[in-house]
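Thanks for making the time this morning.

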Amino acid sequence: MSEKPEHFIVDGKRLDGRRVDELRPIKIEIGVLGRADGSCYLEWGNNKVLAAVYGPRELHPRHRQKMTRSVVQFRYNMASFSVDERTRPGPSRRSIEISKVSREAFEPVVFTKFFPKTAIDVFVEILQAGAGTRTAGINAASLALADAGIPMRGLVSACAVGKVDGEIVLDLMKEEDNYGEADLPVAMTAGRQITLLQMDGHLTTEEFYRALELAKTGCDQVYELQRQALIEKYSKEYTTEIEDEDPAPAGEPEGDADE
Amino acid sequence: MSDDVMTEIQRDHLFNLILKGEREDGRAFDEFREISIETDVIGTADGSARVKLGKTELLVGVKIQPGEPFPDTPDKGVLITNAELVPLASPEYEAGPPREGAIEIARVVDRGIRESKSLDLEKLCITAGEKVWIIFIDIHVLNNEGNILDAASMGSIAALLTAKLPRAQYGMGDDIPLPVRDIPVAVTVIEFGGALLLDPSLTEGAIASTSLITITNSDGSISGMQKSGSESLTIEQVLQAVDMAKNAAAGIREKFLEV
């Protein structure tokens, strides 16, 4: 683990040169896994995460099926090599808690009533962790759900807000997360319904109000990136489909242009 | 299926009461059930508390023993919190390894105590890098009639406040009180039919599954939060819930936990 820096903010700039209200760079790719019904690869600062959605599909064991709705299942998993010191593979208490609150971040937006007796499975794999993996996982999962065509009230967008050097800052990087004074991951819809909220550290109520305000602007920015990624993916697909209507060149087998 | 129907009927019943400004047991929305905290109830523990919250009942035992520090915090004591939802306490509980509900309770209680810096972990170092005090908080639920989390939080801090470092047992001098600096209190606020309620009963908690838990300290600052449950909350609801939790925590602290 790196040493605690003396100052996190110098001349209004953070350790990686960002302003206090600036996100780390985000890169999104939708539909990256062949077998999954929907998928998304997302890089956010040093985080690299993959999300896949399977379903709606039959839920086993059958006694867990709900007659009136689908069951959303969410598994957050860290690759053993994703952190400095190898983590033991398999669920930890931390990952079980994150899986629970992440599932609850999507339950309010997924129209589960359309698919009784089924499961909608969301799998998030953290390939490289660099502070804010749960929010990165939620953003990727949101797009994987959309990619799978799961009907939702809207996308869920997440980001963390924290406190370092006594200031409220957006999107903590690793040093800020390790040595900062507070960490507040938030997920919300574009309609400002909060679907995930956790906090640890130390904040006065006034600081908490400000942190929540900053989280709003962060989630707005993430939402815009998510929307753009979907437009980019699906406007491209649409163009490909139109091109496919042209007569295929001689010798080319019929088939999906994507494969 | 019949459970689903019963839930629907109960939901309607509670919802109609809420519209009239009432609850099933006649309490006000911001009123706790009767609280009683009894400390030093288990002779074999280094600190203990029995909490009754209405008919909900649980025991918290603190055990303290010397052990190895974590490699990344060689000069700090170790805090380990665990919750057991044993099958004696509810027909819904099953024997076996802790599930997500128990893990969430333990981790949220732990977060409050850890992040408030209530326990002075630096003072719990015996020989840096070699030997530190390990504090085990074990939450043992005896009867679940709702709101286990708040009861567990009160019980944990009450047990810590009476706990003694068992130095004599390990040939390190006389027993001394555990260094506790703050009294963090977790308060759950549930949302149901647009209303916010404190101290959910078993039925209220089962039906209005969405809650915001806020852990506040003696100076009113926040040291932990968790949204739990499958619905979303608005920003206004979050702010109001934080306020309700803070006020309730101040009352509980003053009445039951301050010496």
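This is a predicted model: local features need pLDDT of at least 70, side-chain atom pairs count only at pLDDT 80 or more; totals for chains, interfaces and linings use all residues.

In this arrangement 27 residues of chain A are in contact with 30 residues of chain B, two residues being in contact if their C-beta atoms, placed from the backbone, lie within 7 Å. On the side of chain A that touches chain B, β11(A) gives the most, with 11 residues, and by class that side has 12 nonpolar, eight polar and seven charged residues; here Ala, Val, Leu, Ile, Met, Phe, Trp, Tyr, Cys and Pro count as nonpolar, Asp, Glu, Lys and Arg as charged, and the others, Gly among them, as polar.

Residues are numbered from 1 along each chain as its sequence is written, and chains are lettered from A and ligands numbered from 1 in the order in which they are written.

Staying with β11(A), this strand pairs with strand β13 (residues 233-234) of chain B in the antiparallel sense over two bridges, pairing requiring that DSSP finds at least two bridges between the strands. Within β13(B), B:T234 is the bridge partner of A:Q193. Strands (E, at least two residues) and helices (H or I, at least four) are DSSP runs, numbered from the N terminus, and chain A has four helices and 11 strands.
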